[in-house]
Amino acid sequence: MNSLNTYLIISAFLFSIGLVGVLQRRNLIGMLISVELMLNGANLNFMAFNRFLTPEPVVGQIIALAIMGLAAAEAAIGLSIILALYRKMHSINIEQAQRLKG
Amino acid sequence: MDAIFKDPVLLATVVGTSLPFLSMAVILIFTRHNPMLSSRISVTSIVVAAVCALLNLAKVAGASHPFRFETAWMSSGNFHLTFGYYLDPLSALMLTIVAVIACLVQIYSLGYMSGDPGYSRYYAFQSLFAWAMMNMVIASTLLQLFIFWELVGLASYMLIGFYYEKFSASQAGKKAFVMTRVGDVGFFLGIIILTLGFGNLGIPDLNNAPGTGTITTGFITMAALLVFCGVVGKSAQFPLITWLPDAMEGPTPVSALLHSATMVAAGVYVFSRIFPFFAASPNAMLIALAIGTVTMLLASTMAMTTYDLKQVWAYSTVSQLGMMVMSLAAGGYFAGVFHLTTHAGFKALLFLCSGIFIHEYHTNDMRVIGKQGGRKQLVPMICITVGALALSGVPPFSGFFSKEAILGALNAQANPIWLFAGLFGAFLTAYYSFRLIFHLLFPKGGIEEKHAVHEMDSHGHKEEHHGGLFWAMAVPVMILACVTVVLGFAEHSLQGYIMAGGGAVKHASTAATGGAAHGVVGHELLVILGISAGLVGIILAWFEYGRKGASRNGFLSYFPPVWKLFDARWYMDAFFRWFLDTAIYSGLTSIFTRNDRRIIDGGIDGICFFTETGGRLFSFMQSGMLQYNLLIMVLVAGLAMLFFIV
Amino acid sequence: MDTSSSLTALAQAAFWITIGFTITGACIAVFARNILYNVLGLALALTGVAGIYLFLGSLFIALMQLLIYVGAICIAIVFAIMLSRPLHLDTPPRPMPKVVMAVAASAVFFIGLAGVALKTKWVPAIERSTDYSVVTIGHMFLTRYELVFEVISLVLLVAIIGAIITAGFSRRLSS
């Protein structure tokens, strides 16, 4: 179908959009969403390589599944941290969470 | 595992030497709050151990060569270390002595320690003590021996400091531990040197080493002297004497065990264990001979001034140990081992008898005990006299035979001074032991009748009340007394038994005596000299303490400075204290303290100061903004990527 | 224009539409001010990615994507939004310097990634199997890639416990 590069560019784009979100959103949940986008970009990369390059197309799918599992774990932890932070600071603004600055 | 059950000797050894440990574990873990059960467990296990030891003694006698069971423990390059048992006649005999004496002492303790709050703890430590000592005896390598040697030290520390709420007891335990440790450092250095220079720590291999010519005499001298340091510490030889008299702070049965078969015997045992190795170095033997002689004379003089019942026997232990070391160093291998055997018997007897007096009159002072009617206690009085006769070397008691053997060994030395020192020691021994006996028998100013009657009443009452307890103490004492009476006649069979296995031992023994076959004095004359040395001592004691109208002060009281010197243990403790204060505390310690304060503490403080100041200086760069940090990171990563692809 | 080429053209069109959905969703997810729109954008982008997986030939992964991401993670995020109270109250103006810097850094990163993708000469394996079946994935998961499976299970377990403790203990501490 389309060439490998198309997919790679798309995945790079998804990753970069996610990066913009992580770097710029002040809302922690927004950051989390952006991180999910980045993970998807990476996942897409694996799937593309799996489709075009590998001798066994099973490997990439297994990696993709593993990343999905990781993403689920990350979301669970991230959300629970957000909840805990909200209880402590009554805000989920990342710019107010700077107690470590001292 | 199968091998254990196929070989009866191995089975008996394993069972006998591991049961006490099990009993200690069980007592400490499960039955600490049930003293009755604890003592039963401990006594049962030690009785089984004694039976196993006797079995092994018989088996070894029938065997043509020593039993050796070993498994590999560590292996590094050419150096192989094994772990196992080595049962030759010597270790079988020693194992029997340890097990039997420990057994009798534990039975005795049923009476002596009854009602003590630490009853279970006492039996746990007794088991530990017996276990460590038995395993030390049958260790097959020097390192294994050293491990159990240290365990013996640990167990004796715990038992000496048994009444830990008493300050002097805990101090005495500490002293015993630290002073023996000084010697053990030397022992361990010796083991290291042997490992480096010889590469094999197996005891039979060590003993055969001098004959093969693989190592030089100088090396043997160095290694032997270092190992002898351990002997000095453990067997309380000069200059590490003073811990042993203090070690009577523990319960009396502990002293009996400590002074006869276990702790202090360990040192002499090690000496005899690697005797052929020692004997290959004449210089080491000479030094050992000198140390043994000095020890014997010093300790004998110390014993002449004290009024403490147990302390007299403690000093006499030191002097008898000195005598054993002398004998071994003079090449009298069998004489030394034989004296170790007989001494174990009669010294345990003496301590256990003293224990009965102490238990009865609640004092250690021989004058007070005598005044309160000590001689009315028939069983301990007769037995203690038997023990004292044996100690003084009066025929036909066991001490006579072994002392004669030692004098024979000293006689074979070219220099007569050793023989005269031995005879003088025998004289002093007889004097101070009968000084004690006459103090008990004929107290100054007679028995205080009223007091005595009262004591008799309470004693009679006690016998009704604690009959079993009294006999628990009396029976072991009587058994030991019988052994003391008959053991001497077994000299020749024992000699055949001990000398049967070891060609190396026999060879070394004849080599060390220097081949002076005829000796300084003839054999008959020697026997007469030996007996008369003892008898003169007894008669002198009779004149001063025994006969009617005697001054009961001793000839030493006419020389107050000498009395004071002996009483203060030749100022050895004072010297150690002074040495510690000046050299260690105010010298080394202050240097180390200064190093600690200035360099180590100061250095760390400096580092802390530097870190903190640096942190303060650079903290303005930290904004606390997570996203900016991340931004920089991403930017740098992206730029790096661009750099690499362009 | 014969049928096969028209089918190809149709597939091409569908592909680009999917990509359009994905990118639109991603942009909504990142740039919208309202957090709920973000989540919906994320769901859209993830669905688009699932479509791309279909084009990459793996129906199974596409379905898993829908199930895990769209079904589970988005719902969890919505849940978290509902638990944490008034988010819409504070909508301060965008800090423009920050946005610019973020976009610039990401652009650098994107250019880097794209450069790597385009400059590298990708060489396919000589022999390539075409076995995309779920059965093979299952087999592989329980044989050669057993470790991945186990590690993921462990990570999920730890994450669950950690999430409970983090969220639960902070409640007790703060109250």
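**Exercise 1. Determine whether the end-to-end distance of helix α3 (residues 59-83) of chain C agrees with its number of residues.**

Step 1. Helix α3(C) holds 25 residues, and at 1.5 Å a residue these should span 36 Å. The expected span is 1.5 Å times one less than the number of residues.
Step 2. The end C-alpha atoms of the helix are 35 Å apart, which agrees.
Step 3. Helices here are DSSP runs of H or I with at least four residues, strands are E runs of at least two, and both are numbered from the N terminus.

The model is predicted: local features need pLDDT of at least 70 and side-chain atom pairs count only at pLDDT 80 or more, while totals for chains, interfaces and linings use all residues. Residues are numbered from 1 along each chain as its sequence is written, and chains are lettered from A and ligands numbered from 1 in the order in which they are written.

**Exercise 2. Identify the buried residues of α3(C) and the elements against which they pack.**

Step 1. A residue is buried if 20 or more other C-beta atoms lie within 10 Å of its own, exposed if 12 or fewer, and partly exposed in between, with C-beta atoms placed from the backbone.
Step 2. By this criterion the buried residues of α3(C) include C:Ile61, C:Ala62, C:Gln65, C:Tyr69 and C:Ile73. C:Cys74, C:Ile77 and C:Ala80 are also buried.
Step 3. Their packing partners are α2 and α3 of chain A, together with α2 of chain C. Contact requires C-beta atoms, placed from the backbone, within 7 Å.

**Exercise 3. Describe the contact between chains A and C.**

Step 1. Chain A contributes 62 residues and chain C contributes 71.
Step 2. On the chain A side, α1 (4-24), α2 (28-52) and α3 (58-89) each supply at least two residues. The largest share, 24 residues, comes from α3(A).
Step 3. By class, this side of chain A has 44 nonpolar, 13 polar and five charged residues. Ala, Val, Leu, Ile, Met, Phe, Trp, Tyr, Cys and Pro count as nonpolar, Asp, Glu, Lys and Arg as charged, and the others, Gly among them, as polar.

**Exercise 4. Summarise the content of chain C and the confidence in it.**

Step 1. Chain C has six helices and zero strands.
Step 2. Of its 175 residues, 28% count as buried.
Step 3. The mean pLDDT, the predictor's confidence in each residue from 0 to 100, is 85 for chain C, and 91% of its residues reach 70 or more.
Step 4. Within chain C, confidence is lowest in helix α6 (residues 146-174), with a mean of 84, and highest in helix α2 (residues 35-55), at 91.
Step 5. For the complex, the predictor gives an ipTM of 0.89 and a pTM of 0.65.

Terms used: Two residues are in contact if their C-beta atoms, placed from the backbone, lie within 7 Å.
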